[in-house]
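Please keep the 3D view open as you read.

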Amino acid sequence: MFFKEYFFYIVCKQTGERMNNFDKDMIPEEPSFDDCDLLYEDDGLLPCDASDDSFIYKYLPNGCIAVIKGPVFSYAPVSDDFPDGVTTIGDRSFKGYDLMSIEIPDSVKVIGDGAFSECKNLTAIEIPNGVTNIGNYAFYGCLKLSKIKLSGNIEHIGNNAFSYCTSLTSIKIPDSITVMGDCIFRECSSLVSVEIPDSVTSIGNGTFSGCTNLTSITLPHSISSIGNGAFYECRKLKIIKIPESVKRIGEHAFFGCYALTICGSKGSAAEKYAMKNNIKFIEE
């Protein structure tokens with residue numbers, strides 16, 4: 001596709017860089033707007049498309065431009081037709097789009113910050129084996145997202161990656177994960193089942209806060225730290241076995257868990273936390 005047959009110019013909101021008077025035969029060339037994902041049509045003209053062998057530019061109704069350069073895909077149009085060889089889905093690429101489903105290609109290694117945030121009609125997602133990094137807020141606020149399949153090669157899940165996914169009922173953490181970041185599943189109010197592998201050594205601050213339907217969870221003996229507010233306001237959490245390997249339990253880790261009984265070893269961090277916070281404790 002080419003530019004439509006009228007003249008206009010494009011301005012970068014970040015740098016002020018400008019491309020003047022394009023017609024259908026004029027294609028942006030490197031390094032025009034290098035690494036920029038905030039472009040807009042200065043004169044409010046109709047959206048248009050352009051592409052060449054190296055770059056694809058998609059002008060969106062909201063005035064931003066989708067730039068696909070090399071392996072990076074950012075500010076994408078609503079489509080599951082990714083270019084061949086894409087390795088990164090850029091920050092906020094699909095934020096707020098009306099997606100019900102999308103197939104992420106195997107070539108993708110990184111899902112950027114907020115890439116699919118607030119896609120309120122997205123119901124399921126499968127993270128392919130190539131992905132090693134899921135960014136902060138990647139799927140934040142996907143209210144209908146009920147099924148998530150994480151690949152066994154993910155090394156990092158960012159803070160708030162799945163927070164406010166209020167339809168999510170279960171999650172299995174892959175054994176490639178060692179640290180669960182802050183607020184990953186915050187306010188996942190339908191979450192009832194969580195599988196944590198014995199590769200995990202710490203649970204971050206607020207990781208499961210506001211998971212009001214979570215009734216039980218098993219912590220592996222690999223865990224040494226539970227962060228502040230990790231299970232804050234998990235009101236239906238009835239029993240949790242905290243292994244002796246846990247040496248630190250953060251402030252308000254189980255605040256608002258009114259039905260909770262903690263099971264653990266005598267003299268452990270679990271017993272000390274329970275006594276300090278007036279939570280029923282059973283010695284194992």
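The second largest pocket holds about 170 Å³ of space. Here a pocket is an open set of points on a 1 Å grid over the protein atoms alone, where a 1.4 Å probe fits and protein lies on both sides within 12 Å along at least five of seven lines; lining residues have an atom within 4 Å of a point. The volume is the space filled by probe spheres set on the points, with grid points joined across faces, edges and corners.

A word on the source: this is a predicted model, in which local features need pLDDT of at least 70 and side-chain atom pairs count only at pLDDT 80 or more, while totals for chains, interfaces and linings use all residues. Residues are numbered from 1 along each chain as its sequence is written, and side-chain values use heavy atoms, leaving out hydrogens and water.

Among the residues lining this pocket are Glu 251, His 252, Phe 254, Tyr 273 and Asn 277. By class, seven lining residues are nonpolar, three polar and one charged.

Tyr 273 also belongs to the buried residues of helix α1, together with Ala 269, Ala 270, Glu 271 and Ala 274. Buried means under 20% relative accessible area, exposed over 50%, and partly exposed in between (1.4 Å probe, protein chains only). Helices (H or I, at least four residues) and strands (E, at least two) are DSSP runs numbered from the N terminus. The cover over the buried residues of α1 includes β21 (248-249), β22 (261-264) and β23 (280-283). Just after α1, Asn 278 adopts a positive phi of about 55 degrees.

Phe 254 turns up again in the largest nonpolar core, which has 65 residues; Phe 254 is one of those that touch the most other members, as is Phe 208. Such a core is a set of buried Ala, Val, Leu, Ile, Met, Phe, Trp, Tyr and Cys residues joined through side-chain atoms within 4.5 Å. Helix α1 (residues 269-276) gives this core its largest share, three residues.

| Residue | Relative accessibility | Contacts beyond four places in sequence |
|---|---|---|
| Thr 261 | 11%, buried | Lys 238, Ile 239, Ile 240, Lys 280, Ile 282 |
| Thr 169 | 36%, partly exposed | Ser 146, Ser 190, Leu 191, Val 192, Ser 193 |

Thr 261 sits in strand β22, whereas Thr 169 lies in the loop between β13 (156-157) and β14 (170-172).

Methods. Nonpolar A, V, L, I, M, F, W, Y, C, P; charged D, E, K, R; others polar. Contact = heavy atoms within 4.5 Å.
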